[in-house]
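Please examine the sequence and the three-dimensional structure shown below. The paragraphs that follow lead through its parts in turn.

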Amino acid sequence: MTDRPRVNVTPETCAGTGVCSFYASSTFALDDAGKVSVIAEDGDPAEDVRNAADACPTRSIHLGIA
Ligand code: SF4
């Protein structure tokens with residue numbers, strides 16, 4: 001598959017819900033301040049990453065074309 005998205009996050013708007021790490025626990029984690037960070041862009045299947053982005057209540061996850 002060549003459709004793996006680039007993954008960017010905006011910690012400033014993250015509410016620290018942890019929803020993203022529920023869907024894609026090898027891609028997203030919360031840092032010590034409770035804000036999202038990307039731990040590995042290719043940590044989970046692309047579908048899981050998309051589900052995480054779709055589920056983020058603050059739209060703090062941005063996917064682009066690799
Ligand atoms: S789902 Fe969104 S608001 Fe919740 S921790 Fe992840 S980036 Fe932050």
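A residue is called buried if 20 or more other C-beta atoms lie within 10 Å of its own, exposed if 12 or fewer do, and partly exposed in between, with the C-beta atoms placed from the backbone. The model is predicted, and local features therefore need a pLDDT of at least 70, side-chain atom pairs count only at pLDDT 80 or more, and totals for chains, interfaces and linings use all residues. Residues are numbered from 1 along each chain as its sequence is written.

Arg 59 is exposed, because 10 other C-beta atoms lie within 10 Å. Arg 59 is found in the loop between helix 2 and strand 4; helices (H or I, at least four residues) and strands (E, at least two) are DSSP runs, numbered from the N terminus. Although Arg 59 is not a glycine, its phi is positive, at about 55 degrees.

Helix 2 covers residues 46-55, and Val 49, Ala 52 and Ala 53 are buried in it. These buried residues line one face of the helix, because they fall within an arc of 95 degrees when seen down the axis of helix 2; the arc is that of the directions from the helix axis to the C-beta atoms. An α-helix has 3.6 residues a turn, so residues three or four places apart point the same way. The face turned away from the buried side of helix 2 carries the exposed residues Glu 47 and Asp 54. Asp 54 counts as exposed because it has 12 C-beta neighbours inside 10 Å. The C-alpha atoms of Asp 54 and Cys 20 are separated by 9.0 Å, while the two residues are 34 residues apart along the chain.

What do the buried residues of helix 2 pack against? Their partners are strand 1 (5-9), helix 1 (19-23), strand 2 (28-30) and strand 4 (61-65). Leaving aside its neighbours within four places in sequence, Ala 53 is in contact with Ile 61 and Leu 63, where contact means that the C-beta atoms of two residues, placed from the backbone, lie within 7 Å.

A nonpolar core is a set of buried Ala, Val, Leu, Ile, Met, Phe, Trp, Tyr and Cys residues joined through C-beta atoms within 7 Å. The largest one here has twelve residues in all, among them Val 7, Phe 28, Val 49 and Ile 61. Helix 1 and helix 2 each supply at least two residues of this core, and helix 2 gives the most, with three residues.
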